Amino acid sequence: MSQAVIQLLRQKFGAAIVETHAQFGDDTAVVESSKWLEIATFLKNDPACAFEMLSDLSAVDYPERTPRLEVVAHLYSLTKGHRVRIKTRVGDEEGEGAEIDTVVGLWGTANWLERECFDMFGVNFRGHPDLRRILMYPEFQGHPLRKDYPAEKAQPLVAYRTDEEAGMSIDKQAPFGPHEGMSFARNDWTKRAEDAN
Amino acid sequence: MNAPLKSVTLDGNETGFATTKLDALLGWARKWSLFKYPFVTACCGMEFMALTSPRFDGTARFGAEAPRFSPRQSDLLWVVGTISQRQAPVLKRIYEQMMEPKWVLAFGTCASSGGFYDNYTTVPGIDKVIPCDVYIPGCPPRPEAVIDGLMLLQDKIASGDRRPAIVKPRFDPVQGAQDGLVQIRKKGLLEGGDK
């Protein structure tokens with residue numbers, strides 16, 4: 001669909017384009033995190049690209065990789081009718097120091113998308129006007145969509161009632177619980193990351 | 001537990017008086033005039049609408065139709081849908097603002113136990129935060145199930161029992177099959193005769 005855009009990016013930015021691939025017709029460019037804003041600006045403003053719309057911006061956690069987090073942006077051009085996906089890799093093995101420039105100045109929708117990305121993955125966006133949690137509450141510790149966050153670890157705002165207060169057992173009964181009665185266990189992502197290294 | 005009220009029919013010009021216990025009278029009055037506070041947070045709300053609209057008419061028939069959007073004027077809190085950790089303080093505050101006597105009804109699996117949201121976002125059952133009187137299972141529950149739950153709550157109110165999760169003994173039509181109304185048969189046995 002947008003091989004031309006990928007070619008254009010390669011010509012213009014050369015070594016800053018780390019790798020490219022296409023899957024199911026979606027062309028993807030993995031770029032240097034330091035060039036993120038520059039490349040995004042080019043993609044929006046260049047008449048041959050004209051990506052007026054930021055469809056989505058999120059991240060993926062790959063615990064066995066370094067840099068660990070991958071920020072993904074999906075762009076769509078309303079006038080040209082083509083799409084492109086750009087990715088960049090940030091953060092060390094622990095996901096610390098994940099920081100890239102904000103694209104709020106280009107697409108207004110990036111404001112909330114980047115806040116969500118910060119909330120769920122702990123990616124910091126330099127220059128974001130209002131970078132705070134959007135889904136979780138301010139008291140929440142950690143970033144829940146990172147693979148090493150235990151999925152069932154809740155951080156209640158209201159202390160749970162005890163069985164004595166309730167006058168009965170208010171535990172979640174089977175088939176709920178850690179494995180919901182299933183015969184297979186949850187993926188231990190921390191262990192998988194250790195095995196990979 | 002109080003005995004249920006006996007009904008008496010007066011015909012003609014009879015006069016007289018009836019005696020009852022104040023608790024029983026209050027229980028009877030309360031169970032037929034529930035003012036609900038709908039705390040609707042998720043997809044169960046659709047089923048709640050089906051319940052209250054004409055086909056099932058599941059609340060007006062039981063004197064529980066009028067919603068009050070102020071917790072101070074309502075005595076039945078319907079928790080309809082998933083309660084996230086972020087909402088839990090709001091729910092607790094709403095409950096605390098309600099006047100005694102008050103009852104809570106957990107509508108659907110999420111409100112009852114958190115459902116399949118076994119993760120960091122969801123309160124695993126509203127009884128972790130506030131007392132709950134009736135749990136209605138289902139994802140979402142059928143309106144019949146909700147009506148059943150509402151009737152259970154009415155029985156509980158009439159009995160004056162404030163302990164949590166008291167369920168009255170239920171009549172199971174299968175167990176009472178000796179009257180011949182319900183017969184359990186395996187499919188295929190009828191065509192091949194009685195054997």
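Among contacts in chain B (heavy atoms within 4.5 Å) between residues at least 6 apart in sequence, 73% join residues at least 24 apart. The corresponding share in chain A is 49%. The structure is a predicted model, in which local features need pLDDT of at least 70 and side-chain atom pairs count only at pLDDT 80 or more, whereas totals for chains, interfaces and linings use all residues. Residues are numbered from 1 along each chain as its sequence is written, chains are lettered from A and ligands numbered from 1 in the order of writing, and side-chain values use heavy atoms, with hydrogens and water left out.

For the complex, the predictor gives an ipTM of 0.78 and a pTM of 0.79. Chain B has a mean pLDDT of 82, and 77% of its residues reach 70 or more; pLDDT is the predictor's confidence in each residue, from 0 to 100. Where pLDDT is low, the predicted coordinates should not be read in detail.

Chain B contains 5 helices and 4 strands, taken as DSSP runs numbered from the N terminus (helices: H or I, at least four residues; strands: E, at least two). Along the sequence these elements follow the pattern α-β-α-β-α-β-α-β-α. Of the 195 residues in chain B, 39% are buried, where buried means under 20% relative accessible area, exposed over 50%, and partly exposed in between (1.4 Å probe, protein chains only). Chain B exposes about 11700 Å², with carbon and sulfur atoms supplying 58% of this area; accessible areas come from the Shrake-Rupley method with a 1.4 Å probe, and for residues only the protein chains shown count as cover.

Strand E3 of chain B (residues 103-107) is largely enclosed by the rest of the structure, because 5 of its 5 residues are buried. In a regular strand the side chains alternate between the two faces of the sheet. In E3(B) both faces are covered, with B:Trp103, B:Leu105 and B:Phe107 buried on one side and B:Val104 and B:Ala106 buried on the other. E3(B) pairs in the parallel sense with strand E2 of chain B (residues 76-80) over 5 bridges, pairing being assigned if DSSP finds at least two bridges between two strands. Within E3(B), B:Ala106 stands opposite B:Val79.

Chain A comprises 5 helices and 7 strands, which run α-β-β-α-β-β-β-β-α-β-α-α from the N terminus on. Buried residues account for 41% of its 197 residues. The accessible surface of chain A is about 10700 Å², and 50% of that surface belongs to carbon and sulfur atoms.

Beyond its neighbours within four places in sequence, A:Leu57 is in contact with residues including A:Trp36, A:Val71, A:Val103, A:Leu113 and A:Phe125.

In H1(A), the buried residues include A:Val5, A:Ile6, A:Leu9 and A:Phe13. These residues lie on the same side of H1(A), because they cover an arc of only 100 degrees around the axis, the arc being that of the directions from the helix axis to the C-beta atoms. The face turned away from this buried side carries the exposed residues A:Ala4 and A:Gln11. The buried residues of H1(A) pack against strand E1 (17-23), E2, H2 and E5 of chain A. A:Gly14, which follows H1(A), has a positive phi near 55 degrees.

Strand E5(A) is largely enclosed by the rest of the structure, because 6 of its 8 residues are buried. E5(A) pairs with E2(A) in the parallel sense over 4 bridges, and A:Ile86 in E5(A) is the bridge partner of A:Ala29. E4(A) and E5(A) run antiparallel and are joined by 8 bridges, with A:His74 opposite A:Arg85 in E5(A). The hairpin of E4(A) and E5(A) has 6 residues between the strands, and A:Gly81 takes a positive phi near 70 degrees there. A:His82, found in the loop between E4 and E5 of chain A, is buried with a relative accessible area of 10%. Its contacts, not counting residues up to four places away in sequence, include A:Ser2, A:Val5, A:Phe51 and A:Tyr76.
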